[in-house]
Amino acid sequence: MQKKTKNKGIKKWIAKLHLWLGLGSGLIVFIVAVTGCIFVFHDEIKDITRDYRKVTPQASAFVAPSKLQNKTKELFPQSQPGMVVYQGKERSAFVYSVIDEVPHHIYFNPYSAEFLQRENLGDDFFLIVEDLHMHLWLPEKIGKQVVGISTLIFVFMLISGIVLWWPKKRKNLKKRLQIRWNAKWRRVNYDWHSITGLYISLLALFIAIMGLSFSYEWMNHGLYDLANLWQEKPEDELNIQFEDAEYSENALDIAVAKTLRQRPEDEMFFVWEQGGRAPITTGSYPEAMDYDHQSNFYFHPETGELLKNHEYSSKSAGMKLQEMTFGLHTGQYFDLPGKIIAFFLSLFVAALPLSGFMIWFGRKNKKNKQKA
């Protein structure tokens with residue numbers, strides 16, 4: 001009897017925490033979930049609405065990155081060209097460039113270097129949605145913390161929700177798994193809230209944990225260590241720096257040419273002239289617009305000599321997981337079916353704070369009527 005009373009007391013405190021933490025973080029969870037829904041299909045929507053993202057594939061090779069950077073400077077003298085990305089054989093290439101302190105993508109035909117479009121990233125709809133999703137339009141340092149703390153609360157809400165849902169007796173399990181649609185709306189809403197939360201809990205936890213890796217370095221490093229079983233992986237370390245090295249356009253072009261020879265079957269490539277004491281870095285992806293299974297290569301900034309070959313197959317499990325977090329978080333890793341699941345999952349997550357608020361409001365309203 002004493003054990004039952006103790007368990008009841010614990011559940012009561014869990015219920016109170018579930019309620020007040022949910023009311024406190026519900027609006028943020030709703031915003032993050034809805035913006036996640038919108039962002040899931042951003043590439044597909046952009047392809048429909050922005051024709052400059054696609055080009056006719058040709059048998060010829062891609063133009064050199066230095067040519068695209070120089071053309072960017074010719075078209076926009078005030079620009080500061082940086083990373084060059086070749087998005088695929090049927091897609092345009094772009095140069096990331098800062099113009100008047102605003103980041104832009106300058107799009108070109110990768111076969112002819114024909115200018116296609118200047119894209120201002122400062123007023124891009126989907127990047128505005130992404131910023132709301134990640135930072136709530138607050139300064140990045142503050143926004144990351146607010147979203148991160150709300151996500152941690154959401155993780156607690158999922159776990160505590162399962163504890164509160166769990167029936168005292170096994171024979172009541174079947175009833176707890178069904179929504180009584182013929183009951184009053186308050187009961188239907190309560191059943192929908194608890195049962196939906198139960199059904200999506202594992203997937204929602206997984207997506208939330210992947211999302212936390214963008215807010216907290218400790219989570220990002222934790223996933224790396226977990227996947228590597230806390231073993232040191234020296235092959236993942238770069239350890240390449242230069243005291244006095246001047247970057248040359250020739251080295252940039254050599255780096256891309258060598259990367260294409262290393263990964264001839266891959267679809268998407270980038271080259272990044274980082275500056276400072278860092279080498280020229282290139283990345284290669286098997287499929288266009290899929291940011292996983294990345295192979296990286298590092299080159300001398302003056303000569304274009306290959307200094308390190310870091311193929312995807314040689315990366316540790318931890319690094320592979322780190323590079324997969326975006327695809328796992330958005331469902332992109334599992335192609336269209338994964339995106340559809342992520343979309344509906346985010347939709348159900350957005351509905352949980354609403355239905356939870358309605359439970360609280362309904363009970364409060366009922367108590368006020370009884371007092372009256």
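## Helix packing and aromatic pairs in a predicted model

The crossing of H5 and H7 is left-handed, a term used where the near helix is turned anticlockwise from the far one by less than a right angle, clockwise being right-handed. This is a predicted model in which local features need pLDDT of at least 70 and side-chain atom pairs count only at pLDDT 80 or more, while totals for chains, interfaces and linings use all residues. Residues are numbered from 1 along each chain as its sequence is written, and side-chain values use heavy atoms, with hydrogens and water left out.

Helices (H or I, at least four residues) and strands (E, at least two) are DSSP runs numbered from the N terminus. Axes are lines fitted to C-alpha atoms, for helices over the stretch in contact, and angles between N-to-C directions run from 0 to 180 degrees.

| Helix pair | Angle | Axis distance |
|---|---|---|
| H5 (140-165) and H7 (185-215) | about 150° | 9 Å |
| H3 and H9 (249-262) | roughly 130° | within 8 Å |
| H7 and H10 (317-330) | roughly 135° | within 9 Å |

H5 and H7 are therefore roughly antiparallel to each other; angles over 145 degrees count as such, under 35 as roughly parallel, 65 to 115 as roughly perpendicular and the rest as oblique. In their contact (heavy atoms within 4.5 Å), the H5 residues include Lys144, Gly148, Phe154 and Trp165, and those of H7 include Ser194, Gly197, Leu205 and Phe214. The residues of this contact comprise twelve nonpolar, six polar and one charged. Here Ala, Val, Leu, Ile, Met, Phe, Trp, Tyr, Cys and Pro count as nonpolar, Asp, Glu, Lys and Arg as charged, and the others, Gly among them, as polar.

H7 is oblique to H10, and the crossing of H7 with H10 is left-handed. On the H7 side Phe206, Ile207, Met210, Gly211, Ser213 and Phe214 meet Thr325, Phe326, Leu328 and His329 of H10. This contact of H7 with H10 has six nonpolar, four polar and no charged residues.

H3 is oblique to H9. Pro65, Ser66, Gln69 and Asn70 of H3 make the contact with Glu249, Leu252, Asp253 and Val256 of H9, and the residues divide into three nonpolar, three polar and two charged.

An unreviewed UniProt entry places the feature "transmembrane region" at residues 20-41, 146-166, 196-216 and 340-361. In the model, residues 146-166 are 95% helix and 0% strand, with end C-alpha atoms 30 Å apart. Residues 340-361 are 100% helix and 0% strand, and their end C-alpha atoms lie 32 Å apart.

There are 18 aromatic pairs, counted where ring centres of Phe, Tyr and Trp (its six-membered ring) lie within 6.5 Å; planes under 30 degrees apart are stacked, over 60 edge-to-face and the rest tilted. Phenylalanine 62 and tyrosine 111 have ring centres 5.5 Å apart and planes at 50°, so the pair is tilted. Phenylalanine 62 lies in the loop between H2 (42-49) and H3 (65-75), and tyrosine 111 in the loop between S3 (102-108) and S4 (115-120), so the pair ties together parts 49 residues apart in sequence.

Technical notes. UniProt positions renumbered as here; feature names shortened; annotations may be inferred.
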